[in-house]
Amino acid sequence: MYQYDRFDHQMVRERVAQFRGQVARRLNGELTEDEFKPLRLRNGVYLQLHAYMLRVAIPYGLLASRQLRKLAHIARRYDKGYGHFSTRQNIQYNWPRLDEVPDILAELAEVEMHTIQTSGNCIRNTTADHLAGVAVDEIEDPRPYCELVRQWSTFHPEFNWLPRKFKIAISGGAQDRAALAYHDIGLRLVKNDAGEIGFEVMVGGGLGRTPMIAKTIREFLPKQHLLSYLEAILRVYNMLGRRDNIFKARIKILVHEHGIEKIRELVEADWEATRDGALALRDEDIAGFKAFFAPPPYETLPANDSGLAQQLESDPAFARWHGNAVIAHRVPGYAAVDISLKTGVQAPGDVTDDQMDAIADLADRYSFGQIRVNHRQNLLFADVRQSDLHALWQALVDLDLATPNNGKLTDIISCPGMDFCSLATARSIPVALDLQRRFEDLDHLYDLGDLTLNISGCINACAHHHAGNIGILGVNKKGEELYQLLLGGSSRNDASIGAITGPGFAPDAIVGAVEDVLAVYLERREGPEETFLEVYRRLGDQPFKERLYG
Amino acid sequence: MDKILKDGVLIDNEWTDVTGYEALSSLPSGDIVVPLDQWLEHRADLVKRNSRLGVRLRNDEDPARLADDLGRIALVVLEFPSFGDGRALSQANLLRRRLGFEGEIRATGDVQRDQMNDMRRCGVDAFAVRPDRDALAAAEAFDDFTYSYQPTADGRLPISRIRRGDA
Ligand code: SF4
């Protein structure tokens, strides 16, 4: 993985010193809260319902075991013993003290981590496909480009005060696993007719109040122009993006109001002037970044481990987990393993300090000391020998981290909601836990097939409720919490925005409503292979509405 | 007289802002700054003056409209209506790096310490710091960071070039 050199180290150290000064100026009254707010946000510090919240960047979701141990230490020393992984591959702490935040940042800097630009109207952490480097369908590893974008976007002076936040995602597989269509810029590594690899550039996606699917602004961008092209898009957005209304300030609105053709014209004109300038990447530059992500020292192994076959035969619980959590790997004899943080006990994405330490140890033993965070709030070991899977599974069972619900209904994405978030209109964690309890039975869960269910506690859509096959949005109507149901969303290659079924459901009725929807699915599917999303797309929403409201 | 931070020291502002152009003869003596639209309308007149000339850009005006005139202008004034509005950063960058403007670029409005380093790196070289703030203390922000990841208008070599061994 990427290793800081002296420049990167100095950058984060100086950032810590800068923020320490800003906190001191806030505490002595030199800065008003209004002035301090954008500064603390640029360091990931939010003011929530009960306390400050600190968001730490995990660039493109990649963690070394020593970094995860540091995160565990921070949870223990400065927080209440746990952390929360978000849908943007970051981790959040819910209870830090403002005066201790500079110390936390200094601790993070020791392990090449930071909170830079994890909030605020600037370029946020770049996210990536969690199977980068190991996916069977990969065209090229996106991570070297993510790191290039991370450095280019860090303290970019021209784009530090944008109309609104700005999110970039990069995916390298034939299948999109990074929800590109819902980002301000989505970059998909593609091969053109001449066999060269470059980027398809998409712009203007996003969720929130006005969900939109990103549009392709350029079919093929040669790699060397990656940064100059991003800079052109950002410049057009910085100058023309709306600043009169916070709800219309994202680039998706600019693209929507002017049309993609007009935006393309402006971006390409700006880019023409700079494409061969100082931002052009040379082959050597790209090769240097690629070297950081070279494959680990894999052993030469048979494609199918014979011991594993036996274990699968003799241990049904292991076989069940294996069938769900183990993902095919590019290299013979290896597998990727999903570690579900959807245990039904803790809030989705939550993990304790002890679990983090234990996961770090397991990563050292079984996966070259690296851990990944995916955008569904789970962790992943990317490089496990097939012959180690059984031992790893047993260790995960002991940690309560072997719930085999990857990609199933109970693998819920949920935002913190009213339990923590100051913007929330309803709770989301209790709904997630209720649903997980109701669908605990694994046979029933598997019978429902692959299904995504996302719950947001307000219209800001941090849990991407429009992009779930089933989405739940908590709203507040005249002091009552109500839950709207959305059906038909997807964040994959076939991205689509879920549609609201009708009036919302009371807290004690929303789980039943989901059950009704699934009953219709089970009755109407043409066979177990037909997924919920396929049935919904075939039938439309009518049969579901009839059951819900009829 | 208001003060301008330039090259690390506070100097008196010697420029007069002119908003309504009536006739050449009615303009004040000395160096003047006029809004872009008045500049474009009256530049043939204005260049006859025996003073330095500056142009004020609103932050939604395209600096490229000054492309042919930059040799005749000594100052471009940019506006930061609030510290969170970064449009003028792009204007500064375009003026310096795209259009090659070599005169003074002055930041006005809500100009404060925690935004000034970004301004400088985009090409602003004179700062009308908010009067209730200590301008010299604010200038300490220029030392917050030793290096830069991006090629920008302050002339510093970006880290990528230093890594290549260019410095
Ligand atoms: S969706 Fe709303 S409630 Fe949930 S985390 Fe985001 S802002 Fe808070």
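Q: Which strands does helix H3 of chain A lie across, and how does H3 run relative to E5(A)?
A: In this predicted model, helix H3 (residues 65-78) of chain A lies across E2, strand E4 (82-85) and strand E5 (91-93) of chain A. The helix runs at about 15° to E5(A).

Q: Which strands does helix H12 of chain A lie across?
A: Helix H12 (residues 353-366) of chain A lies across E4, E5 and E13 of chain A. Its direction is at about 80° to E13(A).

Q: How should I read the sheet with E2, E4, E5 and E13 of chain A, and in what order do its strands come?
A: Strands of a sheet pair through backbone hydrogen bonds, either parallel or antiparallel. Here five strands of chain A make an open sheet, ordered E1-E2-E5-E4-E13, and the pairing is antiparallel. The edges are strand E1 (45-47) and strand E13 (350-352) of chain A; each has a single partner strand, so one side of each has no neighbour in the sheet. From one strand to the next, the twist averages 30°.

Q: How many bridges pair E1(A) with E2 of chain A?
A: There are three bridges between E1(A) and strand E2 (residues 52-56) of chain A, in the antiparallel sense. Within this pair of strands, Tyr46(A) stands opposite Met53(A) in E2(A).

Q: What is the strand order in the open sheet of chain A that contains E3 and E11?
A: The order is E3-E14-E15-E12-E11 (chain A), an open sheet of five strands with antiparallel pairing. Strand E3 (62-64) and strand E11 (326-328) of chain A are the edge strands, and each pairs on one side only. The twist here averages 35° from one strand to the next.

Q: How many bridges join E12 to E15 in chain A, and which residue stands opposite Ala335(A)?
A: Strand E12 (residues 334-339) and strand E15 (residues 379-385) of chain A run antiparallel and are joined by five bridges. Opposite Ala335(A) stands Val384(A) in E15(A).

Q: In which sense, parallel or antiparallel, do E3 and E4 of chain B run?
A: In a regular strand the side chains alternate between the two faces of the sheet. In chain B, strand E3 (residues 16-17) and strand E4 (residues 32-35) run parallel, with two bridges joining them. Asp17(B) is opposite Val33(B) in E4(B). E4(B) also pairs with strand E5 (residues 53-57) of chain B, in the parallel sense over four bridges. The bridge partner of Val33(B) in E5(B) is Gly54(B).

Q: Into which domains is chain A divided?
A: Chain A has domain 1 (6-110), domain 2 (134-291), domain 3 (306-398) and domain 4 (413-549). The centres of domain 1 and domain 3 of chain A, taken over C-alpha atoms, are 29 Å apart. Their contact takes 21 residues from domain 1 and 23 residues from domain 3 of chain A.

Q: Where does UniProt place the feature "domain: Nitrite/sulphite reductase 4Fe-4S" in chain A?
A: The unreviewed UniProt entry places that feature at residues 119-272 and 409-546 of chain A. Residues 119-272 are 31% helix and 18% strand, with end C-alpha atoms 31 Å apart. Residues 409-546 are 32% helix and 17% strand, and the end C-alpha atoms lie 22 Å apart.

Q: Which residues surround the ligand?
A: Among them are Cys415(A), Cys421(A), Cys458(A) and Cys462(A). Others in the shell include Pro416(A), Leu423(A), Ser456(A) and Asn460(A). By class, the shell has eight nonpolar, four polar and no charged residues.

Conventions
Residues are numbered from 1 along each chain as its sequence is written. Chains are lettered from A and ligands numbered from 1 in the order in which they are written. This is a predicted model: local features need pLDDT of at least 70, side-chain atom pairs count only at pLDDT 80 or more; totals for chains, interfaces and linings use all residues. Side-chain values use heavy atoms; hydrogens and water are left out. Two strands pair if DSSP finds at least two bridges between them. Axes are lines fitted to C-alpha atoms, for helices over the stretch in contact, and angles run from 0 to 180 degrees between N-to-C directions. UniProt positions are given in the numbering used here, feature names are shortened, and annotations may be inferred rather than shown by experiment. A residue is near a molecule or strand if one of its heavy atoms lies within 4 Å of it. Ala, Val, Leu, Ile, Met, Phe, Trp, Tyr, Cys and Pro count as nonpolar, Asp, Glu, Lys and Arg as charged, and the others, Gly among them, as polar. Domain bounds come from an automatic or database domain assignment. Contact means heavy atoms within 4.5 Å.
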